[in-house]
Every structure is written in structure tokens, then in C-alpha cells.
Amino acid sequence: MITTNRTFTMIKPDAVENGYVGPIIEKITAAGFKIVALKMTRISRADARDFYSEHSERSFFGELVEFMTRGPIVVAILQKENAVADFRALIGATDPAEAAEGTIRKTFATSKGENAVHGSDSNENATKEGNFHFSDREKF
Ligand code: RTP
Ligand code: MG
């Protein structure tokens, strides 16, 4: 079960390709998040369109769907007090050029489009996104 102390993250295809899974997980746990679900997986184009449907009218939407489906991702549920907001702070601004020093995107992202990680933007979305990827047996 995802509670308000949990958030959901994806390590995106660019970061997996670049060999940053280990270093990103290290940063996440060093910041006090406990991993309560974790796996490598992939999403289909339909899943990606659905996941980012709020951006379907934006010019970058097609590129975003191709990017998110071009290789494996690592998905996880993370637990910590104030998880959603604290994790968004840890990953930094969408564009790594604008992200604060020491944030995950500043350190590991490639560009605004290929920005290494996702973090849920609300408790409701954290629950929905976590439940999409993990069965009850996979959540601890
Ligand atoms: P996310 O949803 O992945 O956690 O990222 P976010 O909230 O920081 O950013 P959002 O505005 O929701 O955008 C979703 C993802 O779309 C890609 N993007 N590309 N080329 C561009 O101008 C552009 N803008 C956004 C990024 O992968 C971004 O994380
Ligand atoms: Mg977003």
C-alpha cells in the first residue's frame, strides 16, 4: 500500500543507458529514502502516452514518448516523511541547466527532455503510478 509517506520514481532510459542506476540509487538512499519496491522494466508507447497525457498537446510529446520507450527503465517506490515534495526537491528542476547543484538531474541528466528521473507530483499520482508497476506482493 502506498501511503502519504511514499512516492514513485522512474530512472529514465538515458540514465540507464549511461550506467547511472547505481549512483542514482545511492543518492536516493543517502537522502533518507527507503526503497520499498524496485525493478527494471519497460513501458509501451500506449503506456507512455497515458502516463504523460497531460502533455499530449505539447510540441515535445512525440519525442517524449519515443524517449521513454526506447529502452529499459528502473521503477521504485520510496518511503520517507514528506516523500513527494522532498523527492521533487532532490531531483531538481525539469531542465538540468536550471537544476540546483547536487540535485539528481543536475548531476545525471542529459537535457531537458532526457532528464534522468521522474518523481510523482502528488500523493494521488504516486499511488496510481506505483500501483501500475507493482503488485501487492512486490511492495514492502
Ligand atoms: P516528470 O513528470 O518526468 O517527473 O518531469 P517534470 O514534472 O519535472 O516535468 P513535466 O513538465 O511534467 O514534463 C514531463 C517530461 O517531459 C519532458 N519534457 N521535455 N523538450 C522539452 O521542452 C521538454 N519539456 C518536458 C521531460 O522528460 C520531462 O521530465
Ligand atoms: Mg511531471
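Strands here are DSSP runs of E with at least two residues, helices are H or I runs of at least four residues, and both are numbered from the N terminus. Residues are numbered from 1 along each chain as its sequence is written, while chains are lettered from A and ligands numbered from 1 in the order in which they are written. Since this is a prediction, local features need pLDDT of at least 70 and side-chain atom pairs count only at pLDDT 80 or more, while totals for chains, interfaces and linings use all residues.

**The sheet**
- Four strands make an open sheet in the order β2-β3-β1-β4, with antiparallel pairing; two strands pair if DSSP finds at least two bridges between them.
- β2 and β4 (117–119) are the edge strands, each pairing on one side only.
- On average, neighbouring strands of this sheet are turned by 15° against each other, direction ignored; axes are lines fitted to C-alpha atoms, for helices over the stretch in contact, and angles run from 0 to 180 degrees between N-to-C directions.
- Helix α5 (residues 83–91) packs on the sheet and touches β1, β3 and β4, where contact takes C-beta atoms, placed from the backbone, within 7 Å.
- The direction of α5 makes about 30° with that of β1.

**Strand β3 and its partners**
- β3 runs antiparallel to β1 (residues 6–11), joined by six bridges, and R6 stands opposite Q79 in β3.
- Seven bridges join β3 to β2 (residues 34–41), also antiparallel, and I35 stands opposite L78.
- Six of the seven residues of β3 (residues 73–79) are buried, so the strand is largely enclosed by the rest of the structure.
- Buried is 20 or more other C-beta atoms within 10 Å of a residue's own, exposed is 12 or fewer, and partly exposed is in between, with C-beta atoms placed from the backbone.

**Two positive phi values**
- Most residues other than glycine have a negative phi.
- N82, in the loop between β3 and α5, has a positive phi near 60°, and N82 is exposed, with 11 other C-beta atoms within 10 Å.
- A116, in the loop between α6 (104–108) and β4, has a positive phi of about 70°, but A116 is buried, with 27 other C-beta atoms within 10 Å.

**Around ligand 1**
- The residues around ligand 1 include Y52, H55, K112 and D121; to be near, a residue needs its C-beta atom, placed from the backbone, within 6 Å.
- This shell has three nonpolar, six polar and two charged residues.
- Ala, Val, Leu, Ile, Met, Phe, Trp, Tyr, Cys and Pro count as nonpolar, Asp, Glu, Lys and Arg as charged, and the others, Gly among them, as polar.

Conventions. Contact = placed C-beta atoms within 7 Å.
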